[in-house]
Structures are given as C-alpha cells and as structure tokens.
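Here's a quick briefing to read with the model open in your viewer.

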Amino acid sequence: MSRHITAAPRNAAGPLAGLHRACFPEEPWDAAAIEQVLALPGGFGHLVWEADSPAGFVLARDLGGEVEILSLGVLPERRRRGIGGALLDAVIAEARQRRSSSVVLDVAAGNVAARRLYAALGFRRVGRRPRYYGDVGDHADALILRLIIAREPSTP
C-alpha cells in the first residue's frame with residue numbers, strides 16, 4: 001500500500017476532527033479546537049495517507065526555537081506499522097527547517113507503546129504533569145518529553 005505525507009490544509013478542521021475522534025474516542029477534539037490550533041501563529045499539521053485515505057495526523061506549533069507537538073494520532077487499525085514514526089519524522093524535519101533546537105510533547109505515563117516510539121527517536125523525559133489526562137476520577141499523569149535536534153552542518 002502506498003503511503004505519503006501531506007501538510008494539513010488550514011481548511012481541514014472538520015475532517016481532522018473526525019480523525020481525532022477515531023484515534024481518541026475518550027477525549028476527541030472538535031473542529032473548532034482544531035481550527036484554533038491551525039490558526040495559531042506557527043501552527044501546522046501533517047497527515048499520513050495510505051492509498052487515498054488518511055491513516056494518522058499530527059498537530060504542532062512553532063514556539064520560536066522549539067516545536068511543540070499538541071496531538072498525534074494513528075487510526076487504531078493502522079497502528080504499529082510505522083505511521084507514528086513517519087509523522088514524528090515529518091515534525092522533526094519541519095522543526096529543523098524552522099531552525100528550532102528541540103521538539104517537545106507530552107504523553108500519558110501509561111501509554112507504553114507511544115513512550116517506546118518516542119524513546120527510540122531520542123526523546124527524553126524532562127518533566128511530569130500529575131493527573132493531567134482524563135475525566136474526573138480517572139486521571140493519568142503526563143510525561144513531558146523533549147528531543148534536542150542536532151544542528152546540521154552548514155554548507156559553505
């Protein structure tokens with residue numbers, strides 16, 4: 001199956017909300033929230049397509065020197081096939097292009113699969129937000145992870 005990555009169009013908040021809902025049915029973002037993210041100064045996103053259908057997404061923003069991943073999701077039936085890694089590679093490449101020195105994100109402490117992926121790419125824990133995720137009575141801590149981006153040598 002062919003796979004490609006595209007920039008998330010600014011007018012894609014509705015379809016992205018549907019994708020977000022499929023990835024995170026417990027806490028989906030609506031189209032208005034995604035529209036706000038894409039409209040933020042430095043806001044951007046990427047979609048992974050397999051054939052003609054979206055398989056995953058990432059939403060991020062450039063904070064000026066650091067890129068923050070706000071949400072990354074892969075459809076449940078398409079997980080563990082390299083899509084999350086491809087999305088992270090796209091964000092890291094964009095962060096380099098924007099001359100950022102790091103990428104930061106948070107992840108639920110219990111999300112072992114995501115934590116393994118992030119660790120494999122070089123993300124390191126730099127903090128913890130107690131009881132950050134979840135509804136009343138079922139909170140999970142968030143781990144704050146950062147990847148320091150190596151500067152590519154400049155060409156003369």
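This is a predicted model: local features need pLDDT of at least 70, side-chain atom pairs count only at pLDDT 80 or more; totals for chains, interfaces and linings use all residues.

Numbering runs from 1 along each chain as its sequence is written, and side-chain values use heavy atoms, with hydrogens and water left out.

**Nonpolar cores**

- The largest nonpolar core holds 26 residues; such a core is a set of buried Ala, Val, Leu, Ile, Met, Phe, Trp, Tyr and Cys residues joined through side-chain atoms within 4.5 Å.
- Buried here means under 20% relative accessible area, exposed means over 50%, and partly exposed is in between, using a 1.4 Å probe and protein chains only.
- Ile69, Val103, Leu105, Tyr118 and Phe123 have the most contacts inside that core.
- Elements giving it two or more residues include β2 (43–50), β3 (53–62), β4 (66–74), α3 (83–97) and β5 (102–108); helices (H or I, at least four residues) and strands (E, at least two) are DSSP runs, numbered from the N terminus.
- Helix α3 supplies the largest share of this core, 6 residues.
- Beyond its neighbours within four places in sequence, Phe123 is in contact (heavy atoms within 4.5 Å) with Leu88, Val103, Leu105, Tyr118, Leu145, Arg146 and Leu147.
- A second, separate core has 14 residues, among them Ala12, Leu19, Ile34 and Leu38.

**Salt bridges**

- There are 9 salt bridges in total, each one a side-chain nitrogen of Lys or Arg within 4 Å of a carboxyl oxygen of Asp or Glu.
- Arg3 pairs with Glu50, and their closest N and O atoms are 3.2 Å apart.
- Arg3 sits in strand β1 (residues 3–7) and Glu50 in strand β2, so this pair ties together parts 47 residues apart in sequence.
- Arg3 is partly exposed at 37% relative accessibility, while Glu50 is buried at 3%.
- Asp62 and Arg98 form another bridge, at 3.4 Å from N to O; Asp62 is in strand β3 and Arg98 in the loop between α3 and β5, 36 residues apart.
- Asp62 counts as buried at 18% relative accessibility, and Arg98 as partly exposed at 31%.
- Arg98 also bridges to Glu94, with the closest N and O atoms 2.8 Å apart; Glu94 is buried, at 15% relative accessible area.
- Shared partners join Arg3, Glu50, Arg78 and Arg81 into one salt-bridge network.

**Largest pocket**

- The largest pocket contains about 1,200 Å³ of space. On a 1 Å grid over the protein atoms alone, a pocket is an open set of points where a 1.4 Å probe fits, with protein on both sides within 12 Å along at least five of seven lines, and lining residues have an atom within 4 Å of a point. The volume is the space filled by probe spheres set on the points, which are joined across faces, edges and corners.
- Of its 36 lining residues, Phe24, Leu72, Val107, Asn111 and Ala114 are the closest to the centre.
- Strand β4 gives the largest share of the lining, 7 residues.
- The lining splits into 18 nonpolar, 8 polar and 10 charged residues; Ala, Val, Leu, Ile, Met, Phe, Trp, Tyr, Cys and Pro count as nonpolar, Asp, Glu, Lys and Arg as charged, and the others, Gly among them, as polar.

**Around Ile5**

- Ile5 is in strand β1 and is partly exposed, at 37% relative accessible area.
- The C-alpha atoms of Ile5 and Trp49 are separated by 6.1 Å, although the two are 44 residues apart along the chain.
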